[in-house]
Amino acid sequence: MKETQISRQIIHTGKVIDLVRDSVDLPSGRVGSREIILHNGGVVILPYDSLTGLFTLVKQFRYATGDFLLEFPAGRLELGEDPLEAAKRELGEETGLSAKSWSKLGEIYPAPGFCSEKLFLFLATDLTEGEPNPDEDECLEIIKLSEDDLKKKLKASSVIDAKTIAAYSFFHLLTN
């Protein structure tokens, strides 16, 4: 049932993504076409303070959606970068937090029908506050929520970011 690449046409090479069109041999014996976004992948960090019971999220405008989204901190992997090291970097940049304890929650493909992006999800605990240092093109508001408040926002569709929902789902499965 596997599809095998015959050829690849590069449609666009960008800063964050590349877009390609592949011709593939289909299991039926026919030839198909697949347009794919190539992405290095990324990390998602669920910062949880067990002393206060608070989760740290960021609110930011996402141009592609035209809206503000409430999300767990996240960021792109540099080519060949270790996901845990990227998670530590992104947590510090976006929230100013550092964590003494890290554990992997899981991995997800957020849009496997057309994108190669794989996200590595981490739980960060034993947190220490510091100064955020976001990228020049990031404008973030740090939001701290209790689990009850986070659940209310999820139920009300106030949190609709898929990677945040996935990270919280893994957290909930692994801690309950």
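Reader: Let's start with a side chain. Which side chain does Glu71 reach with a polar contact of 2.9 Å?

Author: Keep in mind that this is a predicted model. For a polar contact, you look for a pair of N or O atoms within 3.5 Å. Here the Glu71 side chain pairs with the side chain of Lys163 at 2.9 Å. The side chain of Arg62 also joins that of Glu71, through a polar contact of 2.8 Å.

Reader: Where does Glu71 sit, and what is around it?

Author: Glu71 belongs to strand β6, residues 67-71. If you skip its neighbours within four places in sequence, its contacts include Leu57, Val58, Gln60, Asp161 and Thr164.

Reader: Is Glu71 buried or exposed?

Author: The cut-off for buried is under 20% relative accessible area. Glu71 has 1% relative accessibility, so Glu71 counts as buried.

Reader: And Asp137, buried or exposed?

Author: Exposed takes over 50%. Asp137 has a relative accessible area of 64%, so Asp137 is exposed. You'll find Asp137 in the loop between β9 and β10.

Reader: What happens at the ends of α1?

Author: At the N-terminal end, Asp82 is the cap, with a side-chain oxygen 3.2 Å from the backbone nitrogen of Leu84. After α1 comes Gly96, which has a positive phi, near 80 degrees.

Reader: Which residues of α1 are buried, and what do they pack against?

Author: Among the buried ones are Pro83, Ala86, Ala87, Glu90 and Leu91. The buried residues of α1 pack against several strands, including β4 (42-49), β5 (54-62) and β8 (98-108).

Reader: Last one: how do α2 and α3 pack?

Author: Start with the angle and the axes. Helix α2 (residues 147-155) and helix α3 (residues 162-175) pack at about 130 degrees, with axes 12 Å apart. That makes α2 and α3 oblique to each other, and their crossing is left-handed. At the meeting place, Glu147, Leu150, Lys151 and Leu154 of α2 meet Ile165, Tyr168, Phe171 and His172 of α3.

Notes. Residues are numbered from 1 along each chain as its sequence is written. This is a predicted model: local features need pLDDT of at least 70, side-chain atom pairs count only at pLDDT 80 or more; totals for chains, interfaces and linings use all residues. Side-chain values use heavy atoms; hydrogens and water are left out. Buried means under 20% relative accessible area, exposed over 50%, partly exposed in between (1.4 Å probe, protein chains only). Helices (H or I, at least four residues) and strands (E, at least two) are DSSP runs, numbered from the N terminus. Contact means heavy atoms within 4.5 Å. A polar contact is a pair of N or O atoms within 3.5 Å; within protein, one must be able to donate a hydrogen and the other to accept it, and residues adjacent in sequence count only if both atoms are side-chain atoms. Axes are lines fitted to C-alpha atoms, for helices over the stretch in contact, and angles run from 0 to 180 degrees between N-to-C directions. Angles under 35 degrees count as roughly parallel, over 145 as roughly antiparallel, 65 to 115 as roughly perpendicular and the rest as oblique. A crossing is left-handed if the near helix is turned anticlockwise from the far one by less than a right angle, and right-handed if clockwise.
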